[in-house]
Amino acid sequence: MKILSIMWASHCGTLVKATKPLKDIIDVKVYSSRHLEEKPEEIESVIKEAESADTILLYRSTESVWQMVERRLQEIGEKIPIICVGHDPSYWSLSTVGTEIVAKVYSYITYNGEENFTNMLRFIAREVGGIDIEASEPKLIAWEGLYHPDAPHIFSTIDDYFKWYGFYRGDEKSLGTVGILFSRFYWVNDLSLI
């Protein structure tokens, strides 16, 4: 099954990683909407590729590239299934599949992470492509917590983290510990913070 995807740049890396365990079943071409906006001369070749896809997966946003491709995608959508999601549900109207499919795909993307993206592709292959394949439901991942790269999990309380880390309040040898606030997106997608 061939899937063509145009997504937010921040989702592209995770989607590419998610395709690896499915390489014998699904061929996914991923394009960043930001890249296409910066290089509009590449839009025509992406549209041509979309015309030969089995399914089109879009994460629509406010970028101006969507105004350049939306009419063409509507035409393609008369023959090829389109799943279009985005932070604004009005963007979903470009979809040509049932709303239950669109809503589930949006859940996989919202919860985020490579495992959810892999299961999203499995879900699309089964529900849209008719492939006999298992797909787990979207897996809720904590929205906030305490993260340490060596820890076996995310901590929901500071006391649990301190217990794991070996820090006890009043322990002078731990006075050099520093916490850094960062977006959930980075740890859910196992991205470097540097």
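This is a predicted model: local features need pLDDT of at least 70, side-chain atom pairs count only at pLDDT 80 or more; totals for chains, interfaces and linings use all residues.
Let us begin with the contacts of Glu 49. Apart from neighbours within four places in sequence, Glu 49 is in contact with Lys 2, Leu 4, Lys 29 and Tyr 31, where contact means heavy atoms within 4.5 Å. Glu 49 lies in helix H3, which covers residues 43-51.

Residues are numbered from 1 along each chain as its sequence is written, and side-chain values use heavy atoms, with hydrogens and water left out.

Is Glu 49 buried or exposed? Glu 49 is buried, yet has no salt bridge. Buried means under 20% relative accessible area, exposed over 50%, and partly exposed in between, with a 1.4 Å probe and protein chains only. A salt bridge requires a side-chain nitrogen of Lys or Arg within 4 Å of a carboxyl oxygen of Asp or Glu. For Glu 49, the nearest side chain of opposite charge is Lys 2, 4.3 Å away. Here Lys and Arg count as positive and Asp and Glu as negative, whereas His and the chain ends are not counted.

Let us turn to the whole chain. The protein chain has eight helices and four strands; these are DSSP runs, with helices (H or I) of at least four residues and strands (E) of at least two, numbered from the N terminus. Their order from the N terminus is β-α-β-α-α-β-α-β-α-α-α-α. Of the 194 residues, 43% count as buried. Among contacts with a separation of 6 or more, 62% come from residues 24 or more positions apart.

The last topic is the aromatic rings. How many aromatic pairs does a search of the whole structure find? The search finds nine. Rings of Phe, Tyr and Trp (its six-membered ring) pair if their centres lie within 6.5 Å; planes under 30 degrees apart count as stacked, over 60 as edge-to-face, and the rest as tilted. Trp 92 sits in the loop between strand E4 (82-86) and helix H5 (99-111), and Tyr 106 in helix H5, 14 residues apart. Tyr 106 counts as partly exposed because its relative accessibility is 22%.

Trp 164 and Tyr 165 form a tilted pair too, with 6.2 Å between centres and 40 degrees between planes.
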